[in-house]
Amino acid sequence: VREWFAFPSDIQNKAENELTQIKAQFAPNTKFCSIHFRNALDYRVKGFMLNKNYWYNAANEILKKNDENGSIVFLIFYDKLTPLVKSFSKRYTSVLTHHSLLVDFQMITLCDYHIVCNSSFSIMAALMDPNTEFNTLCPSIWPLQDGLYPNDVYHEEWVKIKTHKDIVS
């Protein structure tokens, strides 16, 4: 699947160049964690939003795992720049990044760690990373309008972060 789904070299080059520019701003041993916020109007109106604490708890888990290994920078990918995204970026060392969908997708695959949400975009991007098995955190549920999907929709090796549906959603 990774071979079949490989992007053209111009997309890969753009993503690598963007990530190289970001990495140049930090110490050489810095690790990068992609974090995807899917929180546009359709998710809020249809009841798909995760509780905001999911992203904070997942970030804290990544930081806890990496205390001895150096610093972590969160690369924030988003569909809408909401107060939640802005709040996260102020709380954690992070870089907001918003390019074309293809460049963002490819940049996610190049990160050391991943925090995905209930979105096929970040899930597929994390799966394209050959080292994703133990470096990806995901929500414990997948909210729907009328309930929840079972918690086994994610790769079995991924770390599940307990969460629930946002009550406003």
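**View 1. Ser 122 sits in helix H6 of this predicted model.** Helix H6 covers residues 120–128. Helices (H or I, at least four residues) and strands (E, at least two) are DSSP runs, numbered from the N terminus. Ser 122 is buried, at 1% relative accessibility. Buried means under 20% relative accessible area, exposed means over 50%, and partly exposed lies in between (1.4 Å probe, protein chains only). What joins the side chains of Ser 122 and His 36? A polar contact of 3.1 Å does. A polar contact is a pair of N or O atoms within 3.5 Å; within protein, one must be able to donate a hydrogen and the other to accept it, and residues adjacent in sequence count only if both atoms are side-chain atoms.

Residues are numbered from 1 along each chain as its sequence is written. The model is predicted, so local features need pLDDT of at least 70 and side-chain atom pairs count only at pLDDT 80 or more, while totals for chains, interfaces and linings use all residues; side-chain values use heavy atoms, without hydrogens and water.

**View 2. Asp 79 and Arg 38 form a salt bridge.** A salt bridge is a side-chain nitrogen of Lys or Arg within 4 Å of a carboxyl oxygen of Asp or Glu. By this rule, the count is two salt bridges. In this pair the closest N and O atoms are 2.5 Å apart. Which parts does the pair tie together? Asp 79 lies in the loop between strand S2 (72–78) and helix H4 (83–91). Arg 38 lies in the loop between strand S1 (31–37) and helix H2 (41–46), so the pair links parts that are 41 residues apart in sequence. Asp 79 is partly exposed, at 30% relative accessibility. Arg 38 is buried, at 19%. Side chains of opposite charge can pair when their charged atoms come close.

View 3. Is Lys 64 buried or exposed? Lys 64 counts as exposed, at 54% relative accessibility. Glu 61 is partly exposed, with a relative accessible area of 25%.

**View 4. Arg 44, Lys 80, Lys 86 and Lys 90 form a positive surface patch.** Patches are made of residues with over 30% relative accessible area and no salt bridge; like charges are joined within 9 Å, and nonpolar side chains (Val, Leu, Ile, Met, Phe, Trp, Tyr) within 5 Å. Lys and Arg count as positive. Arg 44 lies in helix H2. Arg 44 is partly exposed, with a relative accessible area of 31%.

**View 5. Asn 53 and Phe 7 are separated by 33 Å, C-alpha to C-alpha.** Along the chain they are 46 residues apart. Asn 53 lies in helix H3. Asn 53 counts as partly exposed, at 38% relative accessibility.

**View 6. Pro 8 and Phe 121 have C-alpha atoms 18 Å apart.** Along the chain, 113 residues separate the pair. Where is Pro 8? Pro 8 is in the segment before helix H1 (9–23). Pro 8 is partly exposed, with a relative accessible area of 46%.

**View 7. Thr 20 belongs to helix H1.** Thr 20 is exposed, with a relative accessible area of 52%. Thr 20 and Val 103 are 83 residues apart in sequence. In space they are 13 Å apart, C-alpha to C-alpha.

Key: Accessible areas come from the Shrake-Rupley method with a 1.4 Å probe; for residues, only the protein chains shown count as cover. The place of a charge is taken as NZ of Lys, CZ of Arg, CG of Asp or CD of Glu.
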